[in-house]
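Dear colleague,

I am handing over the structure below, together with some notes on what came out of it. Please read the notes with the coordinates open beside them.

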Amino acid sequence: MEPSARGAASTSASVDDSQSVNRAEDSQLFPTIPALNQAASNLAEIASYFTQCLPVPGYAGIPEEGQELAILPPVSTSGRPALQTSSAELDGGSLSTSEINISGSTTSGQMAPFGVFQNGASLFQGLVDRARKTVRGSADDIGWLQRVQSLPSTEDGTTRFLEILDSVRKNEHKLPDSVVYLLVPGLFSNHGPLYFVKTKAYFSKMGLVCHIAKIHSESSVSKNAREIKEYIEEIYWGARKRVLLLGHSKGGVDAAAALSLYWPQLKDKVAGLVIAQSPYGGSPVASDILREGQLGDYVMLRKVMEILVSKVLKGDLQALEDLTYERRKEFLSQHPLPPEVPVVSFHTEASITPSVLTALSHVAHVELPAAAGNPARIPVVIPLSAALAACSQLLVARYGEKSDGLVTRKDAEVPGSLAVRPERKLDHAWMVYSSMKEEPGDQADTSQVCEALLTLLVEVAQKRRHESAMKDE
């Protein structure tokens with residue numbers, strides 16, 4: 001066999017092997033969804049067929065007699081494209097070429113019979129790669145923190161949390177007044193004016209000092225971390241009391257980042273941290289929307305999100321990017337949370353019952369001027385629970401992962417923390433709209449859950465101090 005033929009056969013064999021591996025991977029993308037699984041398999045087979053039909057880079061064939069060759073049109077000096085034709089004939093071992101230019105002048109063209117096809121193959125393969133990346137999504141990233149062997153494991157504190165919550169509902173309160181409580185709201189909290197307000201009033205009635213961090217939640221994690229650090233220092237120097245933090249959603253990520261970035265300045269001022277429904281490891285929703293190299297690039301999905309966040313919500317797209325798996329991995333590798341910080345992780349699962357899918361949530365209110373001078377308050381309601389329930393169902397169908405609609409349970413746990421995993425169905429926005437309505441008599445409301453979580457955190461901190469004192473002795 002000639003060297004060129006052997007090279008072509010070897011290259012073709014490698015392409016076949018590569019395509020077979022890709023087909024095997026694609027067939028496992030969605031084992032729980034037969035329709036998508038079959039679609040991915042069919043797409044891989046089509047890609048394999050077209051790739052085999054098109055020339056492989058590095059293969060040099062000889063055109064047959066009378067074969068018409070495609071010529072790349074050179075750019076004429078007048079700015080108009082030149083039209084060229086070329087015929088290749090084996091005439092005494094010589095190759096003659098004739099060229100015709102639209103402008104009437106004779107120019108030299110570049111023959112690229114295989115380059116045209118190779119470009120087509122490259123474009124098609126690029127489309128297949130984008131489709132494969134889109135279909136694969138965040139399957140390899142969900143729960144990545146739990147797979148890092150060097151990180152400490154979490155401890156289940158659900159039973160103790162439920163005991164404390166039951167005591168709280170019986171008006172047995174144990175939160176100390178020797179600390180100040182700082183609540184950190186999550187993404188887009190600026191559009192929910194009553195976010196955490198009821199909880200702050202609830203704490204104040206118990207004689208506890210409680211503040212809500214007035215940060216611009218749509219800003220980046222690093223910017224909010226700096227503002228939270230300034231909040232903590234201002235509270236500490238004003239009250240001479242340490243601070244217990246409770247952050248919800250992105251607020252938990254922002255609060256944890258403040259401790260990671262500024263721990264030398266804050267270690268004597270912070271008593272502990274509760275993160276509630278926070279994408280500490282990242283969010284598949286944010287990642288799937290903003291991941292580059294997907295089919296969404298063709299419809300400028302990223303640009304659409306940028307306009308929505310920056311123009312409509314007056315925020316920064318960086319806030320959403322900071323919640324992707326890629327950014328969270330990068331940040332936590334450089335700025336891990338100090339191990340001496342007592343942490344409680346709280347996460348839930350959204351309900352997908354028919355009643356939830358038809359519910360409307362009161363998320364805010366607007367005031368309109370009235371003729372009598374008293375402004376009229378009009379509630380703002382949206383099908384928020386329905387949207388989160390649908391998103392939760394999608395994450396179960398696509399990845400087989402339980403979530404609150406935006407954050408999976410696996411990504412909401414800080415390594416080494418005490419994890420609270422209640423069975424009660426609560427979606428990601430529950431802490432927002434629950435503050436604006438009364439819960440059923442047999443269910444705890446947001447304020448009671450926050451009190452129970454912080455009480456549990458106090459117990460964790462006391463246990464840490466006791467263990468530290470025992471070691472010193």
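A salt bridge is taken here to be a side-chain nitrogen of Lys or Arg within 4 Å of a carboxyl oxygen of Asp or Glu. With that criterion, a search of the whole structure, which is a predicted model, finds 15 salt bridges. Side chains of opposite charge can pair when their charged atoms come close.

Some of these pairs can be described individually. Arg136 and Asp140 form a salt bridge in which the closest N and O atoms are 2.7 Å apart; Arg136 is partly exposed, with a relative accessible area of 28%, and Asp140 is also partly exposed, at 48%. In helix α4, which covers residues 158-169, Arg160 and Glu163 lie three residues apart, about one turn of the helix, and their salt bridge has its closest N and O atoms 3.1 Å apart. Arg160 has a relative accessible area of 32% and is partly exposed, while Glu163, at 41% relative accessibility, likewise counts as partly exposed.

Helix α6 (residues 221-239) holds a further pair, Glu233 and Lys229, which are separated by about one helical turn because they are four residues apart in that helix. Their side chains meet in a salt bridge of 3.5 Å, N to O. Lys229 has a relative accessibility of 16%, and it therefore counts as buried, the cut-off for that class being under 20%. There is also a network of salt bridges, which links Asp156, Glu413 and Arg421.

The other part of these notes concerns strand β9, residues 270-276, which is mostly covered, with seven of its seven residues buried. Strand β8 (residues 242-248) pairs with β9 in the parallel sense over six bridges, and within this pairing Leu246 stands opposite Val274 of β9.

With best regards

Notes
Residues numbered from 1 in each chain as written. Predicted model: local features only at pLDDT ≥ 70, side-chain atom pairs only at ≥ 80, totals over all residues. Heavy atoms only, no water. Buried < 20%, exposed > 50% of the residue type's maximum accessible area, 1.4 Å probe, protein only. Helix = DSSP H or I, 4+ residues; strand = E, 2+ residues; numbered from the N terminus. Pairing = 2+ DSSP bridges.
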